[in-house]
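Here are my notes on the model, point by point. Please read them with the coordinates open.

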Amino acid sequence: MAMDIGAIGNLLKIFDQLDKGGQRGIAVFNTFRQALIDNGFAADTAALDAVIEDATRREALARQQAEG
Amino acid sequence: MRRVNRSVLVALVVLLSGCALPRARHIATVSVVSAHSVLSAIQDTEMDLVCGKATAPAPPACVLIEQHRDISGKLANAFALEKKIAVAVKAIPPGAPSANVAESLGQLQALIDAVLDLIPRSAQRQTLVANIGGK
């Protein structure tokens, strides 16, 4: 079962929009892109590490905002 | 609003839910990355829509401060859940036939839908939904 090409294209479009927003480091999304392209264990691990790190930062920001 | 990024998340949830896949870890990784990208886009956009900010539309299209707190609480829970999923996927060994994260991804999708439901309609919201693959 291959990944749907349209789904991958959609993901890349989201990455581009986030890059343009300037609020995320391009390096993070390049890591994601590499995982999509490589389909390798190391690239996937790097992407997951990037998600964990960025999600930690964003969770803290969201909690701060929620508490006003 | 229940169809946000269906082309990615739901398809992957279905793929991960039952069949044995030789690339289960990779597909689960793509799913986590997708969810993170969608959540990030929502958080970045919503922050700009809070009433009173220069980037926010006029009421009633802007996000009231009470709504912003509610949304932020849900986003915090979503990011926390996403981290748990990412850690679980990272622990999947190479060649594992399946990734048992479909239920968690479904919960994440529900949180994304709940957050989007709380954001009032505006041009920025419409652009956001289009960018993340919603309808």
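1. Burial in chain A. Of the 68 residues in chain A, 41% are buried. Buried means under 20% relative accessible area, exposed means over 50%, and partly exposed lies in between (1.4 Å probe, protein chains only). Chain A exposes about 3,500 Å², and carbon and sulfur atoms supply 56% of that area. Accessible areas come from the Shrake-Rupley method with a 1.4 Å probe; for residues, only the protein chains shown count as cover.

2. Basis of the values. This is a predicted model: local features need pLDDT of at least 70, side-chain atom pairs count only at pLDDT 80 or more, and totals for chains, interfaces and linings use all residues. Residues are numbered from 1 along each chain as its sequence is written, chains are lettered from A and ligands numbered from 1 in the order in which they are written, and side-chain values use heavy atoms, with hydrogens and water left out.

3. Fold of chain A. Chain A has three helices and zero strands. From the N terminus on, its elements run α-α-α. Helices (H or I, at least four residues) and strands (E, at least two) are DSSP runs, numbered from the N terminus. Contacts in chain A with a separation of 6 or more include 23% between residues 24 or more positions apart. Contact means heavy atoms within 4.5 Å.

4. Helix α3 of chain A. This helix covers residues 41–66, which is 26 residues. At 1.5 Å a residue it should span 38 Å, and its end C-alpha atoms are 36 Å apart, which agrees. The expected span is 1.5 Å times one less than the number of residues. Just after α3(A), A:Gly68 takes a positive phi of about 65°.

5. Chain B overall. Chain B has five helices and zero strands. The order from the N terminus is α-α-α-α-α. Buried residues make up 56% of its 135 residues. Among its contacts between residues at least 6 apart in sequence, 75% join residues at least 24 apart. Chain B exposes about 5,500 Å², with 60% of it from carbon and sulfur atoms.

6. The disulfide. How many disulfides does the structure hold over all chains? It holds one. B:Cys51 is joined to B:Cys62, S to S 1.9 Å. A disulfide here is a pair of cysteine sulfur atoms within 2.5 Å. The torsion about the S-S bond of B:Cys51 and B:Cys62 is about 90°, so the disulfide is right-handed. Both cysteines sit in the loop between α2 (24–48) and α3 (65–90) of chain B, 11 residues apart. B:Cys51 counts as partly exposed at 25% relative accessibility. B:Cys62 counts as buried at 3%.

7. The nonpolar core. The largest nonpolar core has 42 residues. Such a core is a set of buried Ala, Val, Leu, Ile, Met, Phe, Trp, Tyr and Cys residues joined through side-chain atoms within 4.5 Å. B:Ile42, B:Leu75, B:Ile85, B:Val89, B:Leu116 and B:Ile119 touch the most other members. The elements giving two or more residues to this core are α2 (26–38) and α3 of chain A, together with α2, α3, α4 and α5 (123–131) of chain B. Not counting residues up to four places away in sequence, B:Ile42 touches B:Leu75, B:Ile112, B:Val115, B:Leu116, B:Ile119, B:Leu128 and B:Ile132.

8. B:Ala110. This residue lies in helix α4 (residues 102–118) of chain B. B:Ala110 is partly exposed, with a relative accessible area of 42%. The C-alpha atoms of B:Ala110 and B:Met47 are separated by 20 Å. Along the chain, B:Ala110 and B:Met47 are 63 residues apart.
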